[in-house]
Structure formats: structure tokens, C-alpha cells
Amino acid sequence: MSKEIENQSDSNSLDTAKMFLSLAVLIGSIVGYYIFDEIHPVIRVLGVVAGAAVAVFILYQTTVGRSWFHYLSLAKREVRQVVWPTRPETVQMTLIVFVVVILMGIFLWLVDMFFLWAVKILTGQGG
């Protein structure tokens with residue numbers, strides 16, 4: 001039992017070190033982009049992309065990283081199961097929303113004008 005706890009604490013500290021290393025690689029690649037400003041921008045961008053890829057690879061080696069990637073894969077699978085509306089349905093719903101917004105705007109404008117008229121009558125400013 002104590003060996004399990006010992007191995008788990010070693011794993012947690014190693015995971016923490018890997019996460020900090022991943023963050024350091026990512027920050028280093030971004031800082032490198034600005035430090036090496038005399039190099040062609042395409043090469044600098046490729047350096048940042050490569051640094052981000054290495055950071056993601058290091059992060060994947062941790063327990064937290066694996067759980068994040070597992071969560072993302074499950075989310076991707078859920079998105080595939082969604083029944084998305086067709087183009088005509090989307091256009092129809094958009095038009096309905098526009099019409100309702102315009103009608104509500106007109107209604108609220110009329111209510112505002114009524115209250116403005118009522119306040120003028122009550123305060124004696126209008127006739």
C-alpha cells in the first residue's frame with residue numbers, strides 16, 4: 001500500500017515537471033519568435049508551430065494531458081452524433097429571428113412612445 005502511494009506521488013511530481021516543461025517549451029517558442037526578428041517570418045512561425053507541437057506531445061505524456069485528450073475525443077464523437085439542421089431550415093429560422101426582432105423593436109418603440117406621451121401629460125409638459 002505504501003509503495004502505491006509512493007509511486008503515485010512520484011508520478012504526480014513527474015507529471016507536474018512535465019507540465020511545466022511543456023509550458024516552458026511553448027513560452028520559449030513564442031519568445032523565440034520575437035527574439036529572432038531578423039529571420040524570415042515563415043521560419044519563425046514554423047518554429048512556433050514546432051514548439052507548440054512539442055509542448056502538446058510533452059503534455060500528452062502526463063496523466064492530466066491524457067485525460068484532456070480523452071475528453072476531447074469523446075466531445076468529437078458527441079459532435080458527430082448531433083443532427084445538424086439543413087440549409088433551408090437554417091435560412092428559415094434565421095428569417096424568423098429577423099422578423100421577430102424587427103416586430104419586437106417596433107413594439108418596444110411604440111411602448112416607449114406611449115410612456116413618453118403619458119409622462120408629458122402627467123407632468124404638464126405636453127398638450
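User: Which helix is the place of V31?
Analyst: This is a predicted model, where local features need pLDDT of at least 70, side-chain atom pairs count only at pLDDT 80 or more, and totals for chains, interfaces and linings use all residues. Residues are numbered from 1 along each chain as its sequence is written, and side-chain values use heavy atoms, with hydrogens and water left out. Helices here are DSSP runs (H or I, at least four residues), numbered from the N terminus. V31 sits in helix α1.

User: Is V31 buried, partly exposed or exposed, and what is its relative accessible area?
Analyst: Buried means under 20% relative accessible area, exposed over 50%, and partly exposed in between (1.4 Å probe, protein chains only). V31 has 39%, so it's partly exposed. The value asked for is 39%.

User: What is the nearest side chain of opposite charge to D15?
Analyst: D15 is also found in helix α1, residues 2-35. D15 is buried yet has no salt bridge (a side-chain nitrogen of Lys or Arg within 4 Å of a carboxyl oxygen of Asp or Glu). Asp counts as negative and Lys as positive. At 4.7 Å away, that nearest side chain is K18.

User: How many aromatic pairs does the structure hold, and what kind do Y33 and Y34 form?
Analyst: Rings of Phe, Tyr and Trp (its six-membered ring) pair if their centres lie within 6.5 Å; planes under 30 degrees apart count as stacked, over 60 as edge-to-face and the rest as tilted. The structure holds four aromatic pairs. Y33 and Y34 are 5.1 Å centre to centre with 85 degrees between the planes, and this pair is edge-to-face.

How values were computed: Helices (H or I, at least four residues) and strands (E, at least two) are DSSP runs, numbered from the N terminus.
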